Amino acid sequence: MKKVVLVVLAAAGAVVAKRKYDEGQAEQALWAEATDPVERT
């Protein structure tokens, strides 16, 4: 029973970490787009 709880907690922690990582990546992409130099054509 304890192993099952540990596995569930580990999985929940991985999901939270993945969401935080994805949020950071999205924020980084927004900053990269906002700070890109304007190219003249």
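Tutor: Let us begin with a term that we shall need throughout: a residue is called buried when its relative accessible area is under 20%, exposed when that area is over 50%, and partly exposed in between. Please keep in mind that this is a predicted model.

Student: How many helices and strands does the protein have?

Tutor: The protein has one helix and zero strands, and its C-alpha atoms fill a box of roughly 65 × 10 × 5 Å along the principal axes.

Student: What share of the residues counts as buried?

Tutor: Of the 41 residues, 0% count as buried. The accessible surface comes to about 4300 Å², and 65% of that surface belongs to carbon and sulfur atoms.

Student: Which residues make the nonpolar surface patch?

Tutor: Met-1, Val-5, Leu-6 and Leu-9 make a patch of about 480 Å². One of them, Val-5, is found in helix H1, which covers residues 2–35, and Val-5 is partly exposed because its relative accessible area is 42%.

Student: How should I read the charged side chains?

Tutor: The general idea is that side chains of opposite charge can pair when their charged atoms come close. In this protein there are 6 positive and 6 negative side chains, and the centres of the two sets lie 19 Å apart. The count comes to one salt bridge, in which the side chains of Asp-22 and Lys-18 meet at 3.0 Å, N to O.

Student: Where do Asp-22 and Lys-18 lie?

Tutor: Both residues lie in helix H1, four residues apart, which is about one turn of the helix.

Student: Are Asp-22 and Lys-18 buried, exposed or partly exposed?

Tutor: Lys-18 has a relative accessibility of 48%, so Lys-18 counts as partly exposed, and Asp-22, with a relative accessible area of 37%, is partly exposed as well.

Conventions: Residues numbered from 1 in each chain as written. Predicted model: local features only at pLDDT ≥ 70, side-chain atom pairs only at ≥ 80, totals over all residues. Heavy atoms only, no water. Helix = DSSP H or I, 4+ residues; strand = E, 2+ residues; numbered from the N terminus. Buried < 20%, exposed > 50% of the residue type's maximum accessible area, 1.4 Å probe, protein only. Areas by Shrake-Rupley, 256 points an atom, 1.4 Å probe, with all protein chains shown as cover. Lys, Arg positive; Asp, Glu negative; His and termini not counted. Charge placed at Lys NZ, Arg CZ, Asp CG, Glu CD. Patch = residues over 30% accessible without salt bridge, like charges linked within 9 Å, V, L, I, M, F, W, Y side chains within 5 Å. Salt bridge = Lys/Arg side-chain N within 4 Å of Asp/Glu carboxyl O.
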